[in-house]
Amino acid sequence: MTSEEPLDEIGRLHTALDITNTLISAISAIDPVRALASRISTLCRGTAVIYDFEGSVVSSTGEAPTQLIWNEVAATNRRDLNTEIGRWHVRTRRVALRDGVHVIAIASRTVDTLDQIGELLLDTSERLLGAVHGIQYGATRRDRRDNEQLIAALHDGVVPAREHRFWNQLAQFRFPAYAPIRALEIAPLSDGSATEAHLSLLIGRARSEGLPFLTMLRRADMDSPATIAALIPDSEASAQWLAVTAHDFLIGVSAPSSALSAVPDSVREAETALGIARQWARAAETPENIGAVLIDRIDLSTWLLSHVDARQLRERIVRTLKPLASAQLLDTLITYLAAEQNVTRTAEVMFVHPNTIRYRLTRIEEAFGESLTSPFSLANVILALHPEIIGRAPELRHR
């Protein structure tokens, strides 16, 4: 061994220590994953990218072609990859985390840099990414537990004298103090039971939008499918979030209220609104276009129909529509009413001549024995076909 070898080893140890200290400092940042990527890119004098298991970029700094890098990663199942993309020298490392495999990629236009410190960067970054993820996972689990305990307590009901204590707890979840909130009941579009996967998806979406969001899985009784209960502020941001989320879920929304003691009543309103959403979805060809049902914004007919006995209502509907035995005439009537009694629009949607629609409407009036221009006859028909008309309307707007 020459006298220079120990000095070289000491130099390598110093380099390793400097790199490790630089990367460790990312843990104390507000966004540790982004800070980690930033420090990696500085050390390699290039680009650092962190992908999730689907190839979405979790964090990236630098100018390297992130999609081309992922294409190379996706083409192989190797843990480590060393390749070139254009003028970029790239090294990647697959990292197993709780929520799936992530990939760390470093890219530099100087191959010597990656040869000297690439392995050390990937080793250290792998350990730190695992540590950061573990810390975030633990914090998320604690937030979920506190979240569920708080919303469950509000669902059970609080006395007005204790509301201020619960507002203090809501403030920890970024709810504006004493501002109106809405209760939600959410179900999958398939109308099956909600699952933890659905719940995690909604929590992730709310977090990405910065929306205060209390939620939990709940089941009204042992025979009913599970739904997702939630509380959100009554705000423009919440309205936008509801509009987007309704493309993937059925959502019933209560009227806004700033009284926490009224949450149990708000929950019942949200359950009623979800029941309306389910009726409309069953009658719609495109239930994803229905939107969230807000109980304070539904029309009088919908409100009345939601407050009657379901079995008796079905019997009345069958009796009202019995004279109309033809499925073709029934479909024409639904489309005609959804098109706001516009014959030309109805004909366009059904791909027939307007005179055909007029002929069918005449047959419908003969079957009922009343004119559709009669307000009483028209009111009965609209109430009997209300879910179908509401379900057909989004399809007409889409076309």
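1. Helix α8 (residues 263-283) has a buried set consisting of V263, P264, S266, V267, A270, A273, L274, I276, A277, R278, W280 and A281. Here buried means under 20% relative accessible area, exposed means over 50%, and partly exposed lies in between, with a 1.4 Å probe and protein chains only. Helices (H or I, at least four residues) and strands (E, at least two) are DSSP runs, numbered from the N terminus.

2. On provenance, this is a predicted model, in which local features need pLDDT of at least 70 and side-chain atom pairs count only at pLDDT 80 or more, while totals for chains, interfaces and linings use all residues. Residues are numbered from 1 along each chain as its sequence is written, and side-chain values use heavy atoms, with hydrogens and water left out.

3. The length of α8 may be checked against expectation. At 1.5 Å a residue, its 21 residues should span 30 Å, and the end C-alpha atoms are 30 Å apart, which agrees. The expected span is 1.5 Å times one less than the number of residues.

4. In helix α3 (residues 66-74), the residues I69, W70 and V73 are buried. Viewed down the axis of α3, these buried residues fall within an arc of 100°, so they line one face of the helix; the arc is that of the directions from the helix axis to the C-beta atoms. They pack against β1 (47-51), β3 (80-85), β4 (88-97) and β5 (100-108), where contact means heavy atoms within 4.5 Å.

5. How many residues of strand β8 (residues 227-233) are buried? The count is 7 of 7, and the strand is mostly covered. T227, A229, L231 and P233 point one way from β8, whereas I228, A230 and I232 point the other way, and all are buried. In a regular strand the side chains alternate between the two faces of the sheet.

6. Strand β8 has two antiparallel pairings to consider: with β6 (residues 181-188) through 6 bridges, and with β7 (residues 214-218) through 5 bridges. Two strands pair if DSSP finds at least two bridges between them. L231 in β8 stands opposite A183 and is also the bridge partner of L214.

7. Y178, which is not a glycine, has a positive phi of about 60° and lies in the loop between α5 (163-171) and β6. E340, likewise a residue other than glycine, has a positive phi near 60°. E340 is found in the loop between α11 (327-338) and α12 (343-350), and at 71% relative accessibility E340 counts as exposed.
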